[in-house]
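Colleague: Please walk me through the side-chain contacts and surface patches of this model.

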Amino acid sequence: MIIPVKKAQLFVFNNQKEATLKLLQRHAFFMLTENHQKPNVENQRIKDAERVIELLKPHVKKSFGSDFIEIDQSSFDEIDENVLSRIPLILSIGDKIDAINEKMNQVKAKMSLIKPYLNLDIPNQDIKKIKTIDTIFGSVDHKNGEEFIQTLERFGSQYEVFDTVDKQTYFVVATLKQRFFLNELKLSGLNNELPQGTDLLQKLDNLNSKIQKFEEQKKQALQIINQLAKKKVDSKEMTVNESTIHNVLALANERQSLRNDIAAFKQEISQLKPFESLTLSLKKLDTSELLETKFAKVRLKSKGYNNLKSKAGLSLTNFSESKTHAYVGLTYLKDLRDQVLEGLTDIEFIELEKVDLIPTELIKQKESSIQNAEARLEEILTALNQFRAYADEISKVTSMHNVLKQEILEIISMMSHEEIFKAFKFKLMDLLQLGYIKLYVENVTEDSLVVKTVLSQTDLLRIILGDYRFNQIEMPNYAQKNQLIYQAYLNDSDQLAEEKAKLELELANESENIAQYKILYDQLVNKHNLNQISYAQTTYTEYLEGWIIESKVDALKKSLDQAEIIYELDLVEPEEGEVVPTAFKNNKLVQPFESITNTFSPPASNEVDPNPSMSVWYWIIFGLMMGDIGYGLIMMIGCFLFLKLLKPKGGTKSLLTVFGFSGLSTVVAGILYGSFFGYEIGILPPEYTLSLMEKPLEMLIFCLALGVLHIITGLVLKCINLVRDGDILGMLGDGLSWILVLLGIGIAVIPGIPYGMTIGVVVALTGAALVVLFTAHAKKNVITRTLFGIIGLYNATSFLGDILSYSRILALALSGAVIGSTMNLLAEMMFPMGFMGYIFAGLIYIGGHIFNLAMNLLSAYVHAGRLQYLEFFGKFYNGGGILFNPYQLNLKYVYSIKNKEN
């Protein structure tokens with residue numbers, strides 16, 4: 001059931017704050033409101049302790065019960081400094097292991113690089129010294145490998161495939177023949193402009209960059225001009241060229257800078273305005289030896305403002321007020337800064353510029369600066385408008401770099417005198433654009449120059465063979481053969497592994513104390529959590545505001561008295577619109593099922609608790625969906641053993657308990673169905689056995705009847721909620737009416753009841769009459785109320801759909817039975833194979849039924865929940881509550897703490 005929760009304020013003295021929080025943590029009586037929680041700050045000591053645990057975990061010898069740490073409260077309250085002092089040593093071991101792992105990864109990468117080329121005869125260093133050939137290392141995927149090799153052969157290149165073990169990759173060394181030269185192509189028209197040795201391609205790249213930059217500047221200048229508001233100005237005649245564009249951009253940059261300055265001045269003035277009545281220099285306030293003054297904006301009618309007025313050691317000056325805020329000055333001794341400013345709320349500090357002027361003079365100075373800037377802006381706007389008439393001319397301006405670029409391209413296009421160039425002309429242009437070919441000036445005369453183009457086959461292959469996804473590998477410059485280098489790396493790897501093993505041994509020895517570090521972690525976390533709580537303040541005391549279960553008030557007072565804490569506990573009414581948390585008090589059988597409801601939505605504190613009735617229905621429906629004696633026994637034994645041995649906490653514990661309890665209903669349903677691991681067995685007499693294979697229609701009727709009872713239960717709970725709210729007519733029209741309708745239909749269709757049809761029709765019609773009369777009871781007009789009541793009868797179709805939804809119980813139970821029976825049949829087919837047949841049969845039995853059990857568990861969990869959430873909760877449940885979550889110890893590794901009081 002849902003139990004009453006009260007809002008409370010707990011007042012304590014400053015020197016007992018920590019002791020009070022520790023007591024609340026220990027007993028979990030009090031749920032704090034959100035305003036007591038400080039912004040979370042990472043704690044390095046917690047992170048270090050967690051990393052130590054992660055380092056030691058792999059070395060812990062696993063045994064049942066080794067993770068169940070129990071400790072008494074006095075030991076938990078005191079942090080073991082010896083354990084804390086060992087953390088840096090373990091972290092240093094972890095850092096060393098990380099460094100070794102990084103080195104080992106580097107060595108492995110180098111080994112994998114040269115491993116395919118272990119049989120290479122020529123040292124890599126010698127290969128790189130050869131001048132007449134180029135050698136490339138690389139790999140190509142298996143799909144393209146054959147075509148790649150054929151292309152190498154067509155170019156007359158030598159190659160060697162070193163490794164195709166994985167059948168997916170060719171590792172290739174291709175030796176390319178002597179470089180291919182295009183010599184002495186005579187070019188004319190340069191008129192000696194280029195000095196000897198100039199790299200034409202580099203020059204062309206530089207020109208391209210300059211042209212692109214100029215075009216961007218031109219585009220930007222035109223945008224600035226075209227975006228100006230139309231303004232008549234006397235345009236002066238001007239020559240439009242590249243400098244015109246630079247002038248436009250310079251003026252635009254200056255305009256933006258002035259606008260930023262004006263916005264900054266206005267912001268500073270808005271901060272200074274509230275403090276115009278201050279007659280003292282701001283600089284003097286800042287240079288005072290003993291006193292310090294801060295300016296602030298504080299919300300009126302707030303606790304923070306009231307605290308400021310009564311704050312000891314603080315002189316408060318109120319400069320001005322708006323409708324909602326006051327602008328104040330806080331003056332205090334510098335030595336008492338931390339004490340005075342601690343705990344101030346609802347306040348926003350304002351940083352003013354510390355200068356030798358009082359605020360009024362400083363405001364005038366900044367206003368003058370704004371006027372000057374605005375005048376200059378007007379001049380700039382006039383100057384920019386001068387260019388509007390020349391927008392077309394500006395758009396046609398061409399960079400002089402374009403001219404030189406055109407000349408160079410014309411020169412290149414004339415390189416067609418040699419026959420060999422004709423074959424590569426278009427490819428040469430591609431290479432030129434991609435940067436794979438360089439043009440070098442060899443000789444210059446008055447009317448021509450000789451250019452040598454050097455095109456290596458390596459460069460050519462990068463273009464022609466690009467489609468084969470050839471991945472070139474940069475091999476290290478080894479003087480030795482790859483086999484020797486590989487062995488050296490192997491030795492390095494072994495040495496690093498030995499060093500790592502020694503460090504791992506140290507961790508293994510320390511892992512015996514892992515429980516101490518787990519306790520330390522939980523201690524540090526809970527100490528950090530204490531520091532994250534802030535008290536609200538009164539003049540002489542500090543207090544916590546929150547929620548407490550009404551029945552726990554006396555227990556809290558008793559604990560505070562025993563701890564000799566001076567306190568005052570006031571129970572207050574919640575504020576308007578404040579949501580009261582929901583607390584449950586259910587027995588051990590119902591408690592685990594609360595998680596099913598909370599997954600949907602916790603109930604409101606003023607609702608009827610759905611868990612007692614929901615738990616029973618969930619238990620029944622889950623068992624009917626599973627419906628097998630063997631599966632039920634496995635569920636009970638497996639879940640309760642897991643709970644006993646591994647002792648999980650939280651949601652895992654609740655879910656396993658639900659499955660364990662549902663194992664019993666699964667056994668009961670299995671007896672009803674006569675099913676044991678998919679085999680049909682006759683435990684009950686045939687007339688009482690509801691065989692899924694032989695009596696599916698009877699089972700369907702049973703499921704639908706069960707659904708009617710489930711829905712009637714939900715309607716009963718709806719009646720209780722409406723009566724609690726004082727809505728008696730609503731209870732008659734929306735609750736009791738449909739209960740009578742469903743019961744009447746049930747009585748009418750169930751055979752064997754004396755006068756069942758007559759009684760059923762009367763009961764159902766009575767319910768229908770209640771629907772017509774009271775469904776729209778809020779309507780004042782009798783005719784309108786009756787019409788809406790008649791329309792309300794249409795809800796019968798909704799009830800019909802809900803009832804039919806319970807056919808899923810039959811569907812899931814039948815699918816599980818069929819799959820289980822099929823697995824048994826497949827296993828039995830293996831028996832004639834002899835000894836191996838029995839082995840295969842065992843594997844099919846075990847694997848098949850594990851699969852079937854897992855699928856049935858998932859399906860039953862989801863669909864049993866669905867019937868609760870939609871068909872059951874849909875009749876009465878509102879939800880939207882907040883769970884009562886008391887401030888308590890946050891334990892990740894410690895299983896339980898024994899209190900002396902216990």
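The questions below cover salt bridges, ring pairs and surface patches.

Modeller: This is a predicted model: local features need pLDDT of at least 70, side-chain atom pairs count only at pLDDT 80 or more, and totals for chains, interfaces and linings use all residues. Residues are numbered from 1 along each chain as its sequence is written, and side-chain values use heavy atoms, without hydrogens and water.

Colleague: How many salt bridges are there?

Modeller: A salt bridge needs a side-chain nitrogen of Lys or Arg within 4 Å of a carboxyl oxygen of Asp or Glu. By this rule the count is 19.

Colleague: What separates glutamate 18 and lysine 22 along helix α1?

Modeller: The two form a salt bridge, with the closest N and O atoms 3.6 Å apart. Helices are DSSP runs of H or I with at least four residues, strands are runs of E with at least two, and both are numbered from the N terminus. Helix α1 spans residues 17-27, and because glutamate 18 and lysine 22 are four residues apart in it, they are separated by about one helical turn.

Colleague: Is glutamate 871 buried or exposed?

Modeller: Glutamate 871 meets arginine 866 in a salt bridge of 2.9 Å, N to O. Buried means under 20% relative accessible area, exposed over 50%, and partly exposed in between (1.4 Å probe, protein chains only). Arginine 866 is partly exposed at 26%. Glutamate 871 has 4% relative accessibility, so it counts as buried.

Colleague: Which kind of aromatic pair do phenylalanine 600 and phenylalanine 873 form?

Modeller: Rings of Phe, Tyr and Trp (its six-membered ring) pair if their centres lie within 6.5 Å; planes under 30 degrees apart are stacked, over 60 edge-to-face, and the rest tilted. The structure holds 25 aromatic pairs. In this one, the centres are 5.6 Å apart and the planes 55° apart, and the pair is tilted.

Colleague: How many residues apart are the two partners?

Modeller: Phenylalanine 600 is in helix α20 (residues 594-600). Phenylalanine 873 is in the loop between α30 (835-872) and β22 (894-898). The pair links distant parts of the chain, 273 residues apart.

Colleague: Which helix gives the largest share of the nonpolar patch?

Modeller: Patch residues have over 30% relative accessible area and no salt bridge; like charges are joined within 9 Å, nonpolar side chains (Val, Leu, Ile, Met, Phe, Trp, Tyr) within 5 Å. The nonpolar patch, including Leu633, Phe676 and Tyr688, has about 1,000 Å² of accessible area together, by the Shrake-Rupley method with a 1.4 Å probe. Six residues, the largest share, come from helix α22 (residues 629-646).
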